[in-house]
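Okay, thanks everyone, let's get going. Have a look at the sequence and the fold while I talk you through a few things.

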Amino acid sequence: MTTDVTPDGTLLVSGEIDASTASTLLRALTDALRAHPGGVALDLSAVTFCDCAGLRAFLAARYQHLDIGRLPLRVVAASPRMTRLLRLTGTGWLFDGPRTEPVQ
């Protein structure tokens, strides 16, 4: 898994997110939110796999920053696999935003 933050506050995530990469993802999310306190757009269009540990990292970052009164994370693009995970777990609405891939 790789992550990169663009100057406008978009976090680009690519590759496989699992138990071995989830802590790195959470750190990247936290760092991005510190650098962009108004919120971070998530581009997950290059995510090829995400398990429950990865989903837990997204949820943990969201809830940590909701405590201080802001809506921190918004999915702006998602791969079909990521879209399916968010749909099946019923968590997609927590990261609502315009998508380039429709929720199926």
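So, how many bridges join S3 to S4, and do they run parallel or antiparallel? There are five bridges, and the two strands run parallel. Keep in mind that this is a predicted model.

Those two belong to an open sheet of four strands, in the order S1-S2-S3-S4, and the pairing is mixed. At the edges we have S1, residues 2-5, and S4, each pairing on one side only. From one strand to the next, the twist averages 20 degrees. Then there's H2, which packs on the sheet and touches S2, S3 and S4. The direction of H2 makes about 165 degrees with that of S3.

Now the inside. The largest nonpolar core has 27 residues, and among those with the most contacts inside it are Leu42, Phe58, Leu73 and Phe95. H2 gives the most to this core, six residues. Take phenylalanine 95: leaving out residues up to four places away in sequence, Phe95 touches Leu42, Phe58 and Val75, among others. The list also includes two arginines, Arg62 and Arg74.

Aspartate 31 pairs with arginine 34, closest N and O atoms 3.4 Å apart. Both sit in H1, residues 22-35, three residues apart, so about one turn of the helix. Is arginine 34 buried or exposed? Exposed, because its relative accessible area is 61%, and the cut-off is over 50%. Aspartate 31, at 42%, counts as partly exposed.

Definitions and conventions
Residues numbered from 1 in each chain as written. Predicted model: local features only at pLDDT ≥ 70, side-chain atom pairs only at ≥ 80, totals over all residues. Heavy atoms only, no water. Salt bridge = Lys/Arg side-chain N within 4 Å of Asp/Glu carboxyl O. Buried < 20%, exposed > 50% of the residue type's maximum accessible area, 1.4 Å probe, protein only. Core = buried A, V, L, I, M, F, W, Y, C linked by side-chain atoms within 4.5 Å. Contact = heavy atoms within 4.5 Å. Pairing = 2+ DSSP bridges. Axes fitted to C-alpha atoms, helices over the stretch in contact; angles between N-to-C directions.
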